Amino acid sequence: MAQASALRAPVPPAEPFKAEETALRPEVNQAHIRFIGLGKTYPGQGQPALQGIDLNIRRGEIFGIIGRSGAGKSSLLRTINRLEQPSQGRVLIDQVDIAPFDEDRLVALRRRIGMIFQHFNLMSAKTVWQNVELPLKVAGVAKAERQRKVRELLELVGLAEKHQVYPAQLSGGQKQRVGIARALVHDPEILLCDEATSALDPETTASILELLRDINRRLGLTVVLITHEMAVIRDICQRVVVLERGEIVEQGEVWQVFGAPRHDITRTLLAPLQTKLPAALQASLRAQPVSRDAAVVLRLDLVGEPELSTLFNDLGGRVRLLQGGVETIGEQALGQLILSVRGSSLDTHQLLERARRWAADVEVLGHVD
Amino acid sequence: MWIDRLLQGLLDTLLMVGVSSLVALLVGVPMAVLLVTSDKGGIFEAPALNRVLGAIVNLFRSIPFLILMVALIPFTRLVVGTTYGVWAAVVPLTIAATPFFARIAEVSLREVDHGLIEAAQAMGCRRWHIVWHVLLPEALPGIVGGFTITLVTLINSSAMAGAIGAGGLGDIAYRYGYQRFDSQIMLTVIVMLVALVALIQLGGDRLAKGLNKR
């Protein structure tokens, strides 16, 4: 229940913040949510859960935070609606520091920020209708208005006919739809998604992500999501940060991070999505060339759509395509090719150099006879 | 007629159990909420209050009812003006049942998934909203189950109170069954008590099941 106490935890002395001053700077104006030097240390733990987080999240974008479990994603997300109290630094929403908010302002802020959860967190003793209605009820919204709003949102998530059912009778995907309806009932400007699809099967995940993208487009709200699955980031995010041990290790447009990952952690997280060698070939790979005319096996990550004949010519020798594919991420084509090159006049090092002209990232996977 | 006496005894028992359980419910639920929410990490965190309340509850729960009843005689006289009869029994019964029930209700409240509290905070619930709209409704089936146990325990204790002159079925069984060896009345009382307990248990289980939507 550590977060529960955030409501009444002593507020750290806020540094003086001048809204007028920053409002004049356009690059700051863009940011819907801004983290400045954010850090979080839990009492009794030496290693901080978050440190030195500087980040701008733009209005209307779908922003992804990815990392392995324990990387601090959850803590970072929860500082946005102050379910988590930062130890250092500030969180600005629309240029306003939220640290000094008292309970009234915090409640008002939270009504502008919807949140959905991995395990849905629906009230088991309430029907679908009552679950979606609850945020309006506690805000003192009149009954007629509540009914209009709940009906509208249940329509939006496609659960209008299930309104009298209890959550236990729903599938995981349906529960998350109720969660989404509940999160949107106050017409929030920000939606926080805490591993919202991690408990769902791939098909349901796809439909929930589609719904989130649709909501983002239609309602124009800013979506911040955390996940440990790169596929989720690839499917709906525009920008992403990679967190590791409470620090940002990589950030940028999703297609850039996917096309040319710079950090080992990013590569590890990307591994499940990468083109794999056929098992038979994998088994015959050698670290060193065994004979003079052994083939080099290369993996190339391509950005855009390069002309392959020229690329093959450039590498020299006989080039074979072993495995490959192209994906479109945020309107940017990203290709991955696994090639074997035999009888080239270039040695392995030179081949690598040559391939780098074409690809964002190149790796020698090994040699085959 | 002894049948009238038995009916009077049943009424007395029902009165003692009814009044003391009602008070236990009204005081015990808020007490349980306070025990849970004032604990470390709770929504009304207050460790000192939590410790004091916990100690009081433990104190009363560790005294056997027979001893508690005797020890409370001066207090009982102060409250109801007598130490004899149904109303005199209500005082110690209530004082024993309230912390007992509060502890059982506390367990149910603690079992409410923390994720639900977090979701409630995220949607802009104030703290008392969380108690009213989340903690209590979610824990209700468990609280009903706990109240059933409390009722059965109270019937048990009320018979003991009867033995020192509080009236009720326990009193009849003691006087006729033990002191006069009238095994027929004794047996009738036992059958009545068993039926009463079975009825309460059945009703409580039904209600708890109906309320549980999980």
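What percentage of the contacts in chain B between residues at least 6 apart in sequence join residues at least 24 apart? In this predicted model, the share is 69%, where two residues are in contact if their C-beta atoms, placed from the backbone, lie within 7 Å. Because the model is predicted, local features need pLDDT of at least 70 and side-chain atom pairs count only at pLDDT 80 or more, while totals for chains, interfaces and linings use all residues. Residues are numbered from 1 along each chain as its sequence is written, and chains are lettered from A and ligands numbered from 1 in the order in which they are written.

**Figure 1. Overview of chain B.** Chain B contains nine helices and zero strands, in the sequence pattern α-α-α-α-α-α-α-α-α; helices (H or I, at least four residues) and strands (E, at least two) are DSSP runs, numbered from the N terminus. Its C-alpha atoms fill a box of roughly 65 × 40 × 25 Å along the principal axes. Of the 214 residues in chain B, 44% are buried, a residue being buried if 20 or more other C-beta atoms lie within 10 Å of its own, exposed if 12 or fewer, and partly exposed in between, with C-beta atoms placed from the backbone.

Figure 2. Over residues 10–202 of chain B, the chain is 85% helix and 0% strand, and the end C-alpha atoms are 19 Å apart.

**Figure 3. Helices H1 and H7 of chain B.** Two packed helices are described by the angle between their axes and the distance between the axes. The axes of H1(B) (residues 2–37) and H7(B) (residues 127–166) come within 8 Å and cross at roughly 140 degrees; axes are lines fitted to C-alpha atoms, for helices over the stretch in contact, and angles run from 0 to 180 degrees between N-to-C directions. H1(B) and H7(B) are therefore oblique to each other, given that angles under 35 degrees count as roughly parallel, over 145 as roughly antiparallel, 65 to 115 as roughly perpendicular and the rest as oblique. The crossing of H1(B) past H7(B) is right-handed (left-handed if the near helix is turned anticlockwise from the far one by less than a right angle, right-handed if clockwise). Residues making the contact include B:Met16, B:Val17 and B:Leu25 of H1(B) and B:Phe147, B:Leu151 and B:Ile155 of H7(B). By class, the residues of this contact of H1(B) with H7(B) are 15 nonpolar, six polar and no charged, where Ala, Val, Leu, Ile, Met, Phe, Trp, Tyr, Cys and Pro count as nonpolar, Asp, Glu, Lys and Arg as charged, and the others, Gly among them, as polar.

**Figure 4. Helices H7 and H8 of chain B.** The axes of H7(B) and H8(B) (residues 169–179) come within 6 Å and cross at roughly 60 degrees, and H7(B) and H8(B) are therefore oblique to each other. H7(B) passes H8(B) in a right-handed crossing. Among the residues that meet are B:Ser158, B:Ala159 and B:Ala166 in H7(B) and B:Leu169, B:Asp171 and B:Tyr174 in H8(B). The contact of H7(B) with H8(B) comprises seven nonpolar, three polar and one charged residues.

Figure 5. B:Val189 lies in helix H9 (residues 183–211) of chain B and is buried, with 25 other C-beta atoms within 10 Å. Leaving aside residues up to four places away in sequence, B:Val189 touches B:Leu169, B:Ile172, B:Ala173 and B:Gly177; B:Ala173 is 16 residues from B:Val189 in sequence and 6.3 Å away in space, C-alpha to C-alpha. B:Asn156, in helix H7 of chain B, counts as partly exposed, with 14 C-beta neighbours inside 10 Å.
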